[in-house]
Amino acid sequence: MTRKDDILSNVLKHEMLKDKYHLSQKAMPKTIKEALSSSNPIIKSIALLIDNLENTTPTSDTVLRNIITQYLNESAL
Amino acid sequence: MNNLFDKWKTKIPKYSEEFRAILFDSLSKKFGGSEKVKIDLGKHFSNNYELYMYAFFIGLYNEESPSFPEKAKKVDFSHPIQYWGSKGTRLDRKDFTNLQEYMFMALVAKTELNLIDLEKGEIDEEDIVKELIQTMESYTNGGLTIIKEKLEDNPNYFLQSTSFLNMILDSKLGLVSKKTQVLE
Amino acid sequence: MIIKKISLENFLCYYGVKEFELSNGLNVILGNNGEGKTKFFEAVDWLFNGDDRNLDLLVSAKALHETEKNESFRVRVSIDVEQYNEKKSIAKSFIVKKGGKNESLISNYMLEGVEETSTGERCQVDGKSLLNRVFPFQIRKYSMFKGESELNIFKNEDALINLINLFSDAKHFEKYSEKCAFLRDKAEKAVEDATKCDKKNQGLYKKLTSEIEDLKNEEYKIRVHLNSVEEQIAKIEGKLQEAECHVKNADALETINKRIKIIEGKISDINKMIDENYTTSLFDENWILVNFEPIQKEFSEKIEKLNIKKRELQSEFDRQIGQKEGEKKAKTELLNNLIPLPVGVPSKAYMEEMLKDEFCKVCNRPAPKGSEQYDFMSKRLEEYLNSQAPVEEDKSIKVLFENDYTNRLSTLSVSHEDNLANLRKIRFKIKQLFRFNDSRKKDVEEQILALEKEKADRERIIGDSSIGAEKLIDVLKNYNSWQADKTLRYKEKIDYQKKLDDNIELIKKKTEEKENIDLKTAQTFQIKTREILRDIEKIFVETKEKKFDGFIDQLEKKSNSIFESLNIESFTGTIYFNKKVIGEKMSVIPELQENGRTFYKPNQSLLTSMHISILFAISELAFEKSEEEYPVIFDAPTSSFGEDKTFQFLNLIYETENQKILLIKDFLATDKTSNKLVIKKEFSNVNRNKAFWVVLERPFDKNNLSTINTNVITL
C-alpha cells in the first residue's frame, strides 16, 4: 500500500462520511486511483488533495486551490 | 387596524445627560456577550435599558414626572424600545415584550391624549406618539432623580442586593398597594 | 544496532588507550565520584554530537605532560558496532602537537568510518553519514542521558513533536490540516465577498463579523486564564501533598479532608439555591409590576370612556346622516336615543342561538316568534349580516372616524385584565422567596459551623506531625491557606469553564446568524463548496488527532507496563499522559496518578522510574518502527535511589530487551584494613551481562591533573 492509499483509507474511515454523506465503508474506494475517478464530490476532493500533497513536487497553494475549488464549484452547479 | 403600540416601540426615548456618568455608567453594565456569569447579585443592571425601565417605574410609582428643563441636554443609548430585553444574546434571561406593553399602558393612562381627534384623522399619529414618549421621559426623569438623591444620601446604598427591589416596594404606590394586596 | 566496543585514547582522564568491550543487554560501569564515569559519558557524547570547539579541553593532561616538545599524539574516541551482522566502526580524533610553555597546536577533528561486509572486506566511508546510518540523530537524542534531571524529556517543549515525527503516522497528516484550512478559508472568503456585495445586509454582516472576531479573541483569553488557574491548582495541590507527607496520621487527615470537601460541596449547593438576583427578577419575573394595578385600572377606565365617547359621537353623527337615510334613523329611534351597542354585539353565533331558542339571553326574557323582541333580534342579525356584505361605498357620505386606534387599545386592556391576578400575587411571591432564602442562609450557617469543627480537627491532626515545632506552625498556617486557596481556584476554574461554554455557544449562534445571511445572498454553489471544504478540513484534523491520540495511548500503555515491572516502592499508580492544547500549541505532560488522584510532587525516585519507563517505552517504539534496537546510555540515572533500590532496579532492567550502558557510583567501598577502594560483595548478586570498574591509578595528586589516569577493569 502506498502512502497515498494509506492516508486515503485512514481519512475515509471518518464517521462523517457515513453519517452526513451516507457513504458506506463498502462503497469506499480502496486506492487513490479509484478515488480520483469517483463521482462523489467530497471523495474526489479528498483524493485530489492527497494526490497533490503526496507528490514529490506539490503544486503551489494557488494552483491547488484552483484545482479543488473549481472542481467543487462546477460539480455543485 | 392602526396600532399606537407598534409605532411607539420603534422610538428611542432620551434622558438628561446629567445622569449619564453618575447613574448609567456606574449602575448598569453593558455586558455584551454572556450575562449570566457577570450578574453580581442585584447590585447592578445588566443593561442601560433596564436602568431606564427601572427609573421609569420608580417615577411612575412615586408620581414624579417633572419635565426636562428647557436647556437640559438629552442623550439616549440608540436602542429602540422594541429591542429592549429581546432574547437575542441574553442567555438565561426572559423576554420583555409584556413589560413593554405595561409601560405603554401606563403612558396611555398618564398622558392627556386627544384620541378622538386622532381617529378622526385631525391629529397625526406621530404627534400622539411624541406625547407618549414625552411622558415616558418625564417619569424616567423623575425616577432617575429619586435614584440620584438616594445615592447622594448614601453612596453605598446599592451595594445591598435588595436595594433596587426595596425602592419599588417602598414607593408611594407601593405603600398603598401593600395594604390592599394579598400578603399571605 | 549493538555497540561492541568503545575505545578512548588520551581523552581527559583516560591516558593511553582504554577499551570497553561491551555486551548486549545490561552493561554496568562502576566508578567513584571523580574517577571517570562522567568523562566516559562525555567521550561518547563528543563522538556522537561534539564539534570543533574547545578541543583543547578534551586532552589528557598526563599525555600532554609525558610528550616531548614538538612531538605529537592523538586524542581519539571510537566505537565498534554491529548492525545486521555487519561490523562498522566510527572514530573521531584530533592531533595534539606539543609546543613550549603550555602552548600546543591542535588540529581539527576527523570523523572516520569503516565498514566491514559479512565477507570480511573493509572499506573507508564517510564517518558522518555512517554514524547517522547506524545510530540516527533523532534516536540518539532519546538514547543518552546524564543525571536524573535529564531523564524528563518532556521538559523540552518540542520533545513531543519530535517523538511524533519519529514514531507516529500523525506526522503525515500535519500538512493536510494546514492546506485544508487554507482552502476552507478561501471558500469562506468567496461566500463573504458575495454576501458583502449585497448592500442590504452590509451593515449587519459587518457587525456580526466583527462580533465573532471579538468573541474569538475573548475565547482565547478565557482559555489562557483557565489554563493558568489549572496550573495554580496543580501547584497548590503539590504544596498540600508535600505538607501532608509530614503528617503522621495521614489516613485520618484524608478522611477529614474528604468530609470537609463534602461540607464545602453542600454549602456551595445551598448557596446555589439562594436566588438573590432580585434586580433581575424585577424584570424577568415581572416584579417591577408589583404596584401596577391602579395604573392598569386607570388605563382600562380611560379606554372604556374613550369607547363610549366614540360610539356616542358615532351615533350623533349617524343621526345627522340618518335624516337622509331612513333606515339609520329608524334604528336610532328604536333605541330611544340611547347609544347603540356596536354592530356585531352580541356575536352572530349568539344571535342565531337566541333566535333558535326564541329567548333573549341578554335581557333574560322569552322572545317567541312574532314578538317585538324576536323581531328586534332578527333585525339586529340582519343589520350585522348587511354590514359584513360588501357595500358599494357611497363616496359622497363622509365617515366620522377615518382611523381605528381604539380597537387595539381595547384588546390590550382586555388581554391584561386576566393577568391582574398574577400582579396581585407578586408581593406574596417576593415574600416567599425571601423566606426561602433566609432559611437557606440558616442552613449555610449550620454547615459553616460544622466545617469549622472539622477544620479544628484537621489542625489537631496536622499538629501531630514529624517536623519540628517552629516549622510546624508554618506548615499549619500555610496548609489552611492553601486549602482555602484551592477552593477558590476551583471556583474560578468552574467560572471560567462556564464562561468558555457560553462564549462558544454565542459564537455558534452569531455564526449561524451570519450564515443565514449567506444563504440568502451568496450563490448556492459557493455555499456548497464551502461546506464540503469545511467538512474535509474537519475530517483531516480529526484523523490527525486520532492518530496522535493513538500514539499517546500506545506510549502510555508501554510506559505503564515497564513502570509496573519496575514497581518502585510498591507504588500501585499509573503514568498518565495529560494532553493540553493552548491556542495552536499542543503539549503532553506525563503525570503519576493513584486512584485517579494526581501526584503533584512525587519523590525523585518515583519520578526517575517514571521517566526511565517512558524512555524504555520510546526505545521499544523505536524498535517496532525501524525493527532495530538501539542502545541507551545513562550516567547516574538513579542517584536518588540508594543502593538497595538500585540493586532492585538493575535486576529489573536486566530483563528488558535492548542494550543498556549504565554508569553508577554504587557498590564501592573503602576496605577498612587495607584502606583500599573495593567492590562490595553485594554486586555479585546483581544480574548483568558485563561490568566494568573505572578507577584512578593510585597514587595521584588531585591538584595535579598530569597525575590523573583512569584504568578500566573488566569485572
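This passage walks through the chains of a predicted model, then the places where they touch.

As the model is predicted, local features need pLDDT of at least 70 and side-chain atom pairs count only at pLDDT 80 or more, while totals for chains, interfaces and linings use all residues.

Of the 77 residues in chain A, 23% are buried, a residue being buried if 20 or more other C-beta atoms lie within 10 Å of its own, exposed if 12 or fewer, and partly exposed in between, with C-beta atoms placed from the backbone. Among the contacts in chain A with a separation of 6 or more, 39% are between residues 24 or more positions apart. Two residues count as in contact if their C-beta atoms, placed from the backbone, lie within 7 Å.

For contacts in chain C between residues at least 6 apart in sequence, 70% link residues at least 24 apart.

Some of the strands of chain C can be followed through their pairings (two strands pair if DSSP finds at least two bridges between them). Strand β3 (residues 26–31) of chain C runs parallel to β19 (residues 690–696) of chain C, and five bridges hold the pair. β19(C) also pairs with β20 (residues 710–714) of chain C, this time antiparallel, again through five bridges. C:F692 turns up in both pairings: it is the bridge partner of C:I29, and its own partner in β20(C) is C:T714.

Helix packing in chain C is illustrated by α12 (residues 348–357) and α13 (residues 372–388), whose axes come within 10 Å and cross at roughly 150°. Axes here are lines fitted to C-alpha atoms, for helices over the stretch in contact, and angles run from 0 to 180 degrees between N-to-C directions. That crossing angle is why α12(C) counts as roughly antiparallel to α13(C); angles under 35 degrees are roughly parallel, over 145 roughly antiparallel, 65 to 115 roughly perpendicular and the rest oblique. From α12(C), C:K348, C:M351, C:E352, C:M354 and C:L355 meet C:M377, C:S378, C:R380, C:L381 and C:Y384 of α13(C). By class, this contact has six nonpolar, one polar and three charged residues, where Ala, Val, Leu, Ile, Met, Phe, Trp, Tyr, Cys and Pro count as nonpolar, Asp, Glu, Lys and Arg as charged, and the others, Gly among them, as polar.

Turning to the interfaces, chain B and chain C each put 51 residues into their contact. On the chain B side, α1 (4–8), α3 (48–61), α4 (97–110), α5 (115–120), α7 (163–169) and α8 (172–180) each supply at least two residues. The largest share, seven residues, comes from α4(B). That side of chain B splits into 29 nonpolar, 14 polar and eight charged residues.

Chain C also touches chain A, with 20 residues of chain C in contact with 21 of chain A. On the chain C side, α6 (170–197) and α17 (524–566) each supply at least two residues, and α17(C) gives the most, with twelve. Nine nonpolar, four polar and seven charged residues make up this side of chain C.

Definitions and conventions
Residues are numbered from 1 along each chain as its sequence is written. Chains are lettered from A and ligands numbered from 1 in the order in which they are written. Helices (H or I, at least four residues) and strands (E, at least two) are DSSP runs, numbered from the N terminus.
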